[in-house]
Amino acid sequence: MPKEKRSRLVRSSGKKNTATAAAAAAMMVHPNSRRAVQLAKAAHRSDKVERIKASKSVTVANKVAKLMWFKQNMDESKSPAYSQEEMLQLIDKYLHRLDSELEKIISLQTSRGGRGTSSHYRQQHASKEDALRMVMVKERGLFQSGSGIEAPDLTHPKNFQTFKEWFGEENLLPRIHLKKFSEPTNRTTTEEALTT
């Protein structure tokens with residue numbers, strides 16, 4: 001091949017062609033090679049990191065929603081902090097927060113609403129009703145068992161003040177001390193004595 005043609009080919013190839021050639025060479029990895037194993041590990045790790053990040057963000061969002069309920073329903077005019085009995089009353093109110101929504105679903109299912117009595121209409125909100133019942137049973141079980149339900153510790157004056165100044169920021173969650181509250185054993189016996 002004459003020198004003239006060779007120089008034209010080199011000139012026309014330029015950087016663009018060498019970049020695509022290098023990318024093509026990098027993409028062509030033998031499936032049993034060490035490089036293929038490294039790439040698979042890196043891809044698996046990045047997927048795992050993303051899954052963990054997503055699950056943590058859901059957990060944090062649920063915790064923020066729970067704490068915001070306590071913030072909206074607490075009495076900020078308490079002098080130093082809540083007493084233990086007042087805190088148990090607030091938690092009892094928290095446990096009954098879904099009752100009105102559940103009653104609304106039940107009333108929708110029992111009323112005809114001019115649509116007839118088809119089984120489809122009666123079971124329209126069945127999944128939501130089941131989810132609400134599962135949450136209620138789980139939370140009440142935690143509260144009545146020894147493990148307890150996690151809530152902000154409003155019985156401590158410093159934590160009470162910190163919680164009053166909190167407005168739902170996720171980055172300030174570590175400042176709020178959470179405590180597990182459970183139903184006292186003598187409380188259930190006194191309630192049973194009052195009902196009989």
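The report below takes up the aromatic pairs, then the charges over rings.

This is a predicted model, in which local features need pLDDT of at least 70 and side-chain atom pairs count only at pLDDT 80 or more, while totals for chains, interfaces and linings use all residues. Residues are numbered from 1 along each chain as its sequence is written, and side-chain values use heavy atoms, with hydrogens and water left out.

Rings of Phe, Tyr and Trp (its six-membered ring) pair if their centres lie within 6.5 Å, and planes under 30 degrees apart count as stacked, over 60 as edge-to-face and the rest as tilted. By this rule there are five aromatic pairs. The rings of Phe70 and Tyr94 are stacked, because their centres are 5.0 Å apart and their planes stand at 25°. This pair links distant parts of the chain, since Phe70 belongs to helix α2 (residues 34–73) and Tyr94, 24 residues apart from it, to helix α3 (residues 84–95); helices are DSSP runs of H or I with at least four residues. Both Phe70 and Tyr94 are buried, a word that means under 20% relative accessible area with a 1.4 Å probe, protein chains only. Ring pairs also join Trp69 to Phe70 and Tyr94 in a cluster.

Phe163 and Trp166 form another stacked pair, with 5.8 Å from centre to centre and 20° between the planes. Phe163 is buried at a relative accessible area of 0%, and Trp166 is buried at 2%.

A charge sits over a ring if NZ of Lys or CZ of Arg is within 6 Å of the ring centre and within 35 degrees of the ring normal.

| Charged residue | Ring | Distance to ring centre |
|---|---|---|
| Lys71 | Phe167 | 5.1 Å |
| Lys78 | Tyr82 | 5.5 Å |

Notes. Helix = DSSP H or I, 4+ residues; strand = E, 2+ residues; numbered from the N terminus. Buried < 20%, exposed > 50% of the residue type's maximum accessible area, 1.4 Å probe, protein only.
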